[in-house]
Amino acid sequence: MEHDYSSLGVDTTTIKFKKGKDEREDIQKKTFTKWINSQLSKAKRGTITDLFTDLRDGQQLLALLEVLSGLRLKPEKGKLRVHHINNLNRALDILENNYNMTLSPFLS
């Protein structure tokens, strides 16, 4: 059943496009989460359930980089925001310095 969104100033094509985009993003998120978990399981590390919330403190991100790079990367274990930011900055520094990845245009 089609809904009439004309009163909202949105046509059905826009709604369908947005729905399709959301579905693709969900599929990509699930796929990347499964890939990360497969990499972490190789080193008997924990798993993640939500890509965005589980990587935000930087600990699992550093664990993933450790598995992929073979480097020993000990994260800061604190619960404060400063510890999370330090972990994330360390991960970004490793990517920039060890793998010639320029991330600064994405972060501006």
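Modeller: Gladly! Leaving out residues up to four places away in sequence, I94 touches L62, L65, L71, L73 and Y99, where contact means heavy atoms within 4.5 Å. This is a predicted model, in which local features need pLDDT of at least 70 and side-chain atom pairs count only at pLDDT 80 or more, while totals for chains, interfaces and linings use all residues. Residues are numbered from 1 along each chain as its sequence is written, and side-chain values use heavy atoms, with hydrogens and water left out.

Biologist: Thanks! Why is I94 called buried?

Modeller: Buried means under 20% relative accessible area, exposed over 50%, and partly exposed in between (1.4 Å probe, protein chains only). I94 has 10% relative accessibility, so I94 counts as buried. I94 lies in helix 4 (residues 81-99); helices are DSSP runs of H or I with at least four residues, numbered from the N terminus.

Biologist: And what makes N87 buried?

Modeller: The value for N87 is 1% relative accessibility, so N87 counts as buried. N87 is also in helix 4, and its contacts, not counting residues up to four places away in sequence, are D57, G58, Q59, L62, P75 and E76.

Biologist: How do you know that K29 and D50 meet in a salt bridge?

Modeller: A salt bridge needs a side-chain nitrogen of Lys or Arg within 4 Å of a carboxyl oxygen of Asp or Glu. For K29 and D50 the N to O distance is 3.2 Å, and the pair meets in a salt bridge. K29 lies in helix 1 and D50 in the loop between helix 1 and helix 2 (51-55), so the pair ties together parts that are 21 residues apart in sequence.

Biologist: What makes R45, E66 and R72 one network?

Modeller: E66 forms a salt bridge with R45, with the closest N and O atoms 2.5 Å apart. The side chains of R72 and E66 meet in another at 3.0 Å, N to O. Salt bridges that share partners join R45, E66 and R72 into one network.

Biologist: Are E66 and R72 buried or exposed?

Modeller: E66 has a relative accessible area of 11%, so E66 is buried. R72, at 62% relative accessibility, counts as exposed.

Biologist: Lastly, which residues make the nonpolar surface patch?

Modeller: F32, W35 and L68 make that patch, of about 290 Å². F32 is found in helix 1 and counts as partly exposed at 39% relative accessibility.

Conventions: Helices (H or I, at least four residues) and strands (E, at least two) are DSSP runs, numbered from the N terminus. Patches are made of residues with over 30% relative accessible area and no salt bridge: like charges are joined within 9 Å, nonpolar side chains (Val, Leu, Ile, Met, Phe, Trp, Tyr) within 5 Å. Accessible areas come from the Shrake-Rupley method with a 1.4 Å probe; for residues, only the protein chains shown count as cover.
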